[in-house]
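Me: I would like to go through this structure with you before I set anything up. Could you take my questions in turn?

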Amino acid sequence: MAIYLIGEREKAGNAVIFDGDGDGTSATAIWLMHNHGDYLAITNAQKNDRALVQHVLTAFTPEKLARARIGIFDLDAENNQQALEALAKTGANVDFVDHHTRDARIIPAELHTYVETDTNANSTATIAYNLADSLGALNHQESRIRAAQLAVIGLANDGKKQASLQFRPDLIGPETRRKLCAYGKGINFGAGEGTLDSVALLRGFSETDRPLEYLESNSPINELVEKRQTEINFIDHSSRVRGSAGLLFYLFPCSTPEEQKRSLAIANEYLNTQMEENLEWYTHVALFKTPKGVWRVGGRNGAKRPPIRTVLEKLAQNYGSPEVVGRGTASRFEISQDVDQESFWARLQVAYSEAIVS
């Protein structure tokens, strides 16, 4: 089996399309354990871009697509609906595996769909693990350990702390698990920063029997783990934090272009980390200006809080109702006009209260 870059498309007869963070990459690697062959890797340089299915339609000829096996991972159907409909008409053999999709009914019936509603206990990698297990691909201890390590990386990447600590304790010891979780968080940071080579990571995961051993010997990944902690410390010391019952609001540093760049890179991972510390009891919302000059609002919530998507949809009504993207536990939107921080905090509290009532 070989993994090819987009520029090497003629060498590949099949394709994997995946969000290039730790969850999407791990899920893809698990799926490749029982779908052998040569694959073109279609992924994103930065995890904010998830409308990726369209690229396979231009990468392959219609004749090649009709014979291709295609796996799609960690990409919601809503951002890819038209491309999925077009792909379904090609005759390609497609598996769609995801936990972001809110309404799986929009996925064409011609595709093999493996979708679960996002919870604090799952990720795309755990869905891929369960799929592989159900198909008999994990009948040997070595393959179960390999897939379990990848699933833990996916859970840790998505900030699913309890699930990452509890998944398959019969296969993963405490110290191995601690290291896998640290790598999952570092990989998520690198994907948000845009410095992670997701194709190289997929190759490594696909060629090794022990993902942890591969990661421990990978200098760029180890540097990301260290840099993530540096950036977490930067946000901890530079943010303004406000709170009310069940709600925490973070104003990230964004006065300079450098602060904006750093805040954007660490935002997802920082909110994941904060949610881990207060999983059941707080909704976490961050505000910062991006290098593009727009304000980004991002949020996370635990199981005992109202869905963050509902909170942000109500809040967005105050700013022209921009599109809210994400899922129940993790969502965001952007504001093009200038934001008064005091009125934002007041509006956020109202939106949060309304979400609790609804």
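Me: Among contacts between residues at least 6 apart in sequence, what percentage join residues at least 24 apart?
Reply: The figure is 69% for this protein. Please note that the model is predicted.

Me: Understood. How many helices and strands are there?
Reply: The secondary structure amounts to 14 helices and 12 strands. The radius of gyration is 20 Å, close to the 21 Å given by the globule rule for 358 residues, so the protein is as compact as a globular protein of that length.

Me: What box do the C-alpha atoms fill?
Reply: Along the principal axes, the box is roughly 55 × 45 × 40 Å.

Me: And what about burial and surface: which share of the residues is buried, and how much accessible surface is there?
Reply: Of the 358 residues, 55% are buried. The accessible surface is about 14700 Å², and carbon and sulfur atoms account for 47% of that area.

Me: Let us turn to the sheet. What is the strand order in the open sheet of 6 strands?
Reply: The order is β1-β3-β2-β4-β5-β6, and the pairing is parallel.

Me: Which strands stand at the edges, and why is one side of each left without a neighbour?
Reply: They are β1 (2-4) and β6 (112-115); each has a single partner strand, so one side of each has no neighbour in the sheet. Neighbouring strands are turned by 20° against each other on average, with direction ignored.

Me: How many bridges join β5 to β6?
Reply: There are 4 bridges between β5, which covers residues 93-98, and β6, and the two strands run parallel.

Me: New topic, aromatics. How many aromatic pairs does a search of the whole structure find?
Reply: The search gives 10 aromatic pairs. One of them is F252 with Y270: the ring centres are 5.5 Å apart and the planes are at 90°, so this pair is edge-to-face.

Me: Where do F252 and Y270 lie?
Reply: F252 is in the loop between β8 (247-251) and α12 (257-277), whereas Y270 belongs to helix α12, so the pair ties together parts 18 residues apart in sequence. F252 is buried at a relative accessible area of 1%, and Y270 is also buried, at 3%.

Me: What is the geometry of the pair Y319 and F344?
Reply: That pair is tilted, with 6.1 Å centre to centre and 40° between the planes. Y319 sits in the loop between α13 (308-316) and β11 (325-326) and F344 in helix α14 (residues 341-357), so parts that are 25 residues apart in sequence are tied together. Both Y319 and F344 are buried.

Me: Which residues do ring pairs link into a cluster with Y319 and F344?
Reply: The cluster also contains F249 and W345.

Me: Finally, V324. Where is V324 found, and is it buried or exposed?
Reply: V324 is in the loop between α13 and β11. At 8% relative accessibility, V324 is buried.

Me: What does V324 touch, leaving out residues up to four places away in sequence?
Reply: V324 touches R309, L312, E313, A316, S331, R332 and F333.

Me: How far apart are V324 and Q81?
Reply: V324 and Q81 are 243 residues apart in sequence and 17 Å apart in space, C-alpha to C-alpha.

Key:
Residues are numbered from 1 along each chain as its sequence is written. This is a predicted model: local features need pLDDT of at least 70, side-chain atom pairs count only at pLDDT 80 or more; totals for chains, interfaces and linings use all residues. Side-chain values use heavy atoms; hydrogens and water are left out. Two strands pair if DSSP finds at least two bridges between them. Axes are lines fitted to C-alpha atoms, for helices over the stretch in contact, and angles run from 0 to 180 degrees between N-to-C directions. The radius of gyration is taken over C-alpha atoms; the globule rule is 2.2 Å times the number of residues to the power 0.38. Buried means under 20% relative accessible area, exposed over 50%, partly exposed in between (1.4 Å probe, protein chains only). Contact means heavy atoms within 4.5 Å. Accessible areas come from the Shrake-Rupley method with a 1.4 Å probe; for residues, only the protein chains shown count as cover. Rings of Phe, Tyr and Trp (its six-membered ring) pair if their centres lie within 6.5 Å; planes under 30 degrees apart count as stacked, over 60 as edge-to-face and the rest as tilted.
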